[in-house]
Amino acid sequence: MMNRSGIFKKTLSSLPLFLLFAGCWLLAAVFMNGCGTQGAQAPQAQAAGKKIIIWHWMTDREEAFQELAKRYEAKTGVKVVLELYAPSDAYSQKVRAAAQARALPDIYGLLGEKRDFAAFIKAGHVANLTGAMEAQGAAWKNLLYEKALAVNEFKADNPYGVEPGIYGVPIDVMNIQMVYNKKLFQKAGLDPERPPKDWAEFVADCQKLKEAGIQGLVSGWGEIWMIDCLASNFAFNIMGPEKVLATIRGEVPYTDPDWVKVFSLFKEMADRGMLASGIVTMVNKSAEQNFANERSAFAFNGSWCVNVYHGMNPSLEYGVMLPPKVNLKNPMYIWGGAGSSLLVNDRSLVKEEAIAFLKWLTATEQQAYLSETTRNLPSNRKVSGSIPAILADFSKGMDNVTHPNIWPVNELPKVIERFDKGIQSIIIGEKTPEGLAEELAKLKAEEMAKKGNQ
Amino acid sequence: MGFHLAEKIKQCYNALHNATPKQKVVGTVLLLAALETVFLFFHDSAVFWILAYGLVTLALIFLVLANIIKKSLAAFFFVVPALAIFSIFYIYPFFKVLQLSQHAWDGISPKMVFVGLSNFVEIMKDKIWWVSMRNAGYITLIALTFQNALALALALACDRQIRAKNFYRVIFFIPPVLSEVVVGLIWRWIYDGDYGFLNYTLNLLGLHQLTHNWLSDPNTALTCVAIIHSWKGFGWGFMILLAGLQTIPKELYEAARVDGANVWQSFKNVTIPLMIPVFVLVMILTILGSMQAFVLILSMTGGGPGYHTEVPVTRILASMQGSSMFGYACAQGLTFGVILMMVSFAQMGISRKLKQA
């Protein structure tokens with residue numbers, strides 16, 4: 001058995017070892033603290049090597065992008081490495097994690113709202129492209145659709161405190177409208193060349209379709225932003241943009257009769273059986289399958305659906321229409337603008353090369369190739385003449401587009417979620433339009449007060 | 001003096017080692033409170049990290065000294081690499097979450113705004129959060145009863161000398177090894193209101209009145225998800241319970257039979273008492289697994305309709321990704337972790353009492 005002094009001596013003789021270990025531990029603590037907030041960015045590309053790394057989430061465009069990367073390397077000697085990360089949720093998380101670690105690639109896309117975009121800019125993750133856009137008499141800027149650029153632009157009076165400028169390059173444009181199945185229209189005795197223009201016609205057509213055993217409207221309303229989109233379309237039509245924005249600013253309560261009317265439209269659709277079964281938990285991919293397989297006569301979907309439907313059912317006969325007007329005096333606004341945009345990392349070592357690549361990517365020849373192979377609306381104005389007929393129909397809606405990312409104010413996240421989930425609850429018969437309006441007004445007041453206190 | 005210190009360390013070590021679950025809960029709460037106090041004073045400086053890691057360092061020095069006293073220093077150093085990994089991948093993230101939980105931060109901006117405990121106060125008032133806790137509790141309840149009863153019944157069946165029992169073991173273990181996303185998507189198709197296999201079968205059986213859209217109906221959505229969660233998870237319980245059953249000496253059953261015990265009496269007086277530690281393990285794993293159910297829900301309902309299938313993890317994701325409220329999401333994560341820890345400790349306490357009884 002060890003005696004008292006033996007234990008003590010052994011303890012003392014091991015102390016330097018502990019101290020060394022403890023020192024290393026504390027150094028690690030300080031180091032990790034530094035890594036979390038102040039870490040320097042690992043260079044993603046060596047300027048000497050002329051390699052540009054791009055992260056994207058667009059599975060349907062991967063092949064076309066790879067082809068264009070090859071062409072660019074052959075032309076300039078600059079190697080473009082495309083890294084695809086899908087699905088978009090996973091991609092989004094990867095971009096956020098990389099931003100926190102300051103390990104973003106040279107070019108990347110950002111999926112999120114305007115406030116996320118602003119946060120990325122303020123954190124120094126996005127290069128201001130205004131100079132490049134405005135160079136040579138704004139040649140690059142003038143080549144691109146104004147509304148597509150607007151999504152990537154921060155005006156002088158933006159509420160996010162971002163330095164004014166253009167921070168992203170749209171590589172295609174999109175808008176979200178309604179499509180209808182011409183064959184099912186015929187089957188129900190409706191004119192396939194005359195889709196409904198207003199709410200009354202839409203209700204009447206859905207009634208006829210129902211009588212013929214055909215489901216009415218399908219959409220991915222399990223993804224709540226799609227509910228938000230249609231509700232916002234109706235709101236803009238019923239009360240006009242100013243009143244919607246006034247509501248967001250907190251000047252008009254959600255209990256206003258116009259808002260109750262917006263919510264009532266969803267109740268009416270549910271009560272009259274105008275919606276596809278299971279719509280409230282349906283993701284948009286399932287909704288697209290539903291429409292492509294001719295199970296529903298109408299779909300609320302974005303212009304990207306042209307490529308999706310072509311892949312699912314090449315013989316699908318369908319037309320494009322604006323969502324039905326409720327207030328005939330006001331125009332029907334739809335969400336649209338830049339479909340996918342790419343941003344340049346402000347810390348990239350090959351920033352100039354990255355900007356040059358994006359300029360080349362949005363040039364007429366490359367945009368025509370992308371539009372043809374991926375069936376998306378090009379962001380380049382000069383390509384519009386050579387796009388397929390159905391895409392051309394979608395492009396007609398570009399005159400009516402708006403988007404939360406170009407509004408001067410945006411609704412608070414908790415209110416948006418409750419708004420969308422509340423409409424789901426109206427559809428399943430759990431809430432009334434008036435009840436939801438009350439709930440939103442209360443929540444809005446609470447959140448505004450909280451925001452004021454912060 | 002040296003001996004006195006060594007004795008004290010030894011006493012502390014033994015006291016920690018032999019602490020009851022209740023003492024462990026109190027100790028953990030006190031430790032968290034101490035950390036929180038430190039944090040409130042030094043939240044925005046490196047001092048927090050130095051203090052936090054200083055605490056860990058002190059704990060390690062304490063362990064080293066205790067091991068020297070117990071003459072097992074060499075064994076301790078074998079553990080050091082694991083401790084280093086644990087420190088980087090568990091302790092650092094924990095402190096980081098603790099730090100973030102007291103800030104308003106969008107996950108990207110370089111500046112975080114210190115808000116103290118207001119995120120936690122907000123959670124207490126967040127009705128949707130508590131709805132999600134209730135939903136997770138319901139899924140856990142179904143798993144504890146339906147899933148574990150099924151697992152036990154099948155384990156008992158396979159413990160007997162039946163034909164092809166290895167084949168059944170493999171079959172029962174297939175659901176747990178399947179991807180949750182795949183399971184969710186397949187079952188979403190089965191539950192589909194128009195083209196689903198379940199409604200098709202009900203129609204074939206003439207039960208038209210029962211057909212409806214299972215996942216979009218607020219009355220059935222959560223139960224449907226809970227049943228699939230149980231179906232997917234019963235294989236784990238089955239394997240653990242079967243392993244437990246096989247450790248019970250057969251002589252005990254023979255002795256019981258000689259004493260005139262019937263099957264039920266053998267089960268009640270031999271199987272159940274000897275299986276209590278295994279039951280506790282399965283129950284703890286079921287609770288932890290079910291409360292954290294997430295992927296299945298995301299792929300089947302996305303938390304809808306409304307908030308009917310929202311669970312805490314989907315709420316954390318919604319705060320983090322949907323609303324860019326990283327600080328709030330971290331506070332939700334911590335609150336959820338503390339609740340799970342309390343449940344686990346409570347269950348360990350109950351099992352200890354059951355064993356004593």
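Which domains does the domain assignment of chain A give? The assignment gives domain 1 (47–172 + 338–392) and domain 2 (175–336 + 409–453); such bounds come from an automatic or database domain assignment. The structure is a predicted model, in which local features need pLDDT of at least 70 and side-chain atom pairs count only at pLDDT 80 or more, whereas totals for chains, interfaces and linings use all residues. Residues are numbered from 1 along each chain as its sequence is written, chains are lettered from A, and ligands are numbered from 1, in the order in which they are written.

**Figure 1. Overview of chain A.** Chain A contains 18 helices and 12 strands; helices (H or I, at least four residues) and strands (E, at least two) are DSSP runs, numbered from the N terminus. Of its 454 residues, 46% count as buried. A residue is termed buried if 20 or more other C-beta atoms lie within 10 Å of its own, exposed if 12 or fewer, and partly exposed in between, with C-beta atoms placed from the backbone. Among contacts in chain A with a separation of 6 or more, 76% are between residues 24 or more positions apart; a contact requires C-beta atoms, placed from the backbone, to lie within 7 Å. The mean pLDDT of chain A is 88, and 88% of its residues reach 70 or more, pLDDT being the predictor's confidence in each residue, from 0 to 100. Over residues 33–48 of chain A the pLDDT is below 50, and this stretch has 26 contacts in the model beyond near neighbours in sequence.

**Figure 2. Contact between the two domains of chain A.** The centres of domain 1 and domain 2 of chain A, taken over C-alpha atoms, are separated by 30 Å. Domain 1 of chain A contributes 13 residues to the contact and domain 2 of chain A contributes nine. On the side of domain 1 that touches domain 2, the elements giving two or more residues are α4 (114–122) and α16 (389–396) of chain A. The residues of that side comprise four nonpolar, three polar and six charged. In this division Ala, Val, Leu, Ile, Met, Phe, Trp, Tyr, Cys and Pro count as nonpolar, Asp, Glu, Lys and Arg as charged, and the others, Gly among them, as polar.

**Figure 3. The largest nonpolar core and a separate core.** A nonpolar core is a set of buried Ala, Val, Leu, Ile, Met, Phe, Trp, Tyr and Cys residues joined through C-beta atoms within 7 Å. In the largest one, of 123 residues, A:Ile107, A:Tyr108 and A:Leu358 touch the most other members. Helix α9 (residues 224–239) of chain A supplies the largest share of this core, 10 residues. At least three residues of this core come from each of domain 1 and domain 2 of chain A. Leaving aside neighbours within four places in sequence, A:Ile107 is in contact with A:Ile52, A:Ile54, A:Leu342, A:Leu343, A:Val344, A:Ala354 and A:Leu358. Another core, of 41 residues, lies apart from the largest one and includes B:Leu100, B:Leu222, B:Ile287 and B:Ala293.

**Figure 4. Strand β8 of chain A and its partners.** In strand β8 (residues 296–302) of chain A, seven of seven residues are buried. Strand β6 (residues 169–181) of chain A pairs with β8(A) in the antiparallel sense over five bridges, and A:Gln177 stands opposite A:Asn301 of β8(A). Strand β7 (residues 215–218) of chain A runs parallel to β8(A), the two being joined by three bridges; here A:Gln215 has A:Ser296 as its bridge partner. Strands are said to pair if DSSP finds at least two bridges between them.

Figure 5. Helix α15 (residues 312–322) of chain B is largely enclosed by the rest of the structure, because eight of its 11 residues are buried. The buried residues are B:Pro312, B:Val313, B:Thr314, B:Arg315, B:Ile316, B:Ala318, B:Ser319 and B:Met320. Their cover includes α17 (413–427) of chain A, together with α6 (127–159), α14 (295–300) and α16 (326–356) of chain B. B:Ser324, with a positive phi near 55°, follows α15(B). In the loop between α14 and α15 of chain B lies B:Pro305; the peptide bond from B:Gly304 to B:Pro305 is cis, with omega near -5°.

Figure 6. A:Gln136 belongs to helix α5 (residues 130–143) of chain A and, although not a glycine, has a positive phi of about 50°. A:Gln136 counts as exposed because it has 10 C-beta neighbours inside 10 Å. A:Ala138 also lies in helix α5 of chain A; its phi is positive, about 55°, although it is not a glycine. With 11 C-beta neighbours inside 10 Å, A:Ala138 counts as exposed.
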